Amino acid sequence: MLKRFTTDFTVVAAEMIDCEYVLLTLKHPEQLPEINAGQFVEVKLPDSATSFLRRPISIHDVNRDNQTLQLLIRVVGNGTKLLSLLTIGDKLNLVYPLGNGFSLDKAGNRPLLVGGGVGVAPMLYLGKRLVEMGAQPEFLFGARNKSGLLRLAEFEKIAKVNITTEDGSVGTKGFVTNHSAIESNIANYSSLLVCGPMPMMKAVAAKAKAAGVRCEVSLENKMACGIGVCLCCVTETKEGHKCVCSQGPVFEINELKW
């Protein structure tokens, strides 16, 4: 596991996306440490009378040229609402990098990166890292409708993007498992790397198992400490209970009791 740091970052950009998401770009005061795709941060919230615990947020992107990282956050409660109100120049304290990321060395030459909703967040940095390693990834994203598809232009700079929407407003109508990439062509991929709602991940995992394709999923259990102390994020595996924050959040599906 990589060494953990606690650092005050400076907000250099804050963009609301569709009134439901905020994209924060945070600048490190010095050189960023090594960060693996799929790891996360624990964010200390701005002063609040009702929100005390740090919030776990996936790392969306890392730019070592300007020492910044990005967080793509869905605004769903008081804590994330406070984060959406940050402005340029504000400070944000992070504990990072946390957890175990995706196994890039086992992804193969043609991995399919599957994301649903805000589960697309870790896929941008993951896709970039895979391309740097010489792989040829593809993306497959699912959403309820067109407005739920996030930052497509940035993903399209990296690799082919396949899309499904439940209402058929764009791409294939239905769920990600209804797209031909999984429904009929899954065996053509070297691995599946997945993040999103639990029902979606279990459905994709079942397809991967049936096709004999390696699959990793990033769990999004509730977390408080982020370092495996509070035990509120445990998940059941074939080797017993494991902490998602410290022994995950990424697991190979054959480790899980799915």
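Biologist: Which residues of helix α2 (residues 123-132) are the buried ones?

Modeller: They're M123, L124, Y125, L126, G127 and L130. Buried means under 20% relative accessible area, exposed means over 50%, and partly exposed is in between, using a 1.4 Å probe and protein chains only. Helices here are DSSP runs of H or I with at least four residues, strands are runs of E with at least two, and both are numbered from the N terminus. Keep in mind that this is a predicted model, where local features need pLDDT of at least 70, side-chain atom pairs count only at pLDDT 80 or more, and totals for chains, interfaces and linings use all residues. Residues are numbered from 1 along each chain as its sequence is written, and side-chain values use heavy atoms, with hydrogens and water left out.

Biologist: What covers the buried residues of α2?

Modeller: The cover includes β5 (61-63), β8 (111-116), β9, α3 and β12 (191-195), with contact meaning heavy atoms within 4.5 Å.

Biologist: Why is the pair F9 and Y96 called edge-to-face?

Modeller: There are five aromatic pairs in the structure. Rings of Phe, Tyr and Trp (its six-membered ring) pair if their centres lie within 6.5 Å; planes under 30 degrees apart count as stacked, over 60 as edge-to-face and the rest as tilted. The F9 and Y96 centres are 5.3 Å apart with the planes at 75°, so edge-to-face it is. F9 sits in strand β1 and Y96 in strand β7, 87 residues apart. Both F9 and Y96 are buried.

Biologist: What makes F141 and F155 an edge-to-face pair?

Modeller: Their centres are 4.7 Å apart and the planes are at 70°. F141 is in strand β9 and F155 in helix α3, so the pair ties together parts 14 residues apart in sequence.

Biologist: How do you know that F141 counts as buried?

Modeller: Its relative accessibility is 1%, so F141 goes under the buried label.

Biologist: Why is D18 called partly exposed?

Modeller: D18 has a relative accessible area of 45%, so it gets the in-between label. D18 is in the loop between β1 (5-17) and β2 (21-27), and its phi is near 60°, a positive value in a residue other than glycine.

Biologist: What makes that phi worth a remark?

Modeller: Most residues other than glycine have a negative phi.
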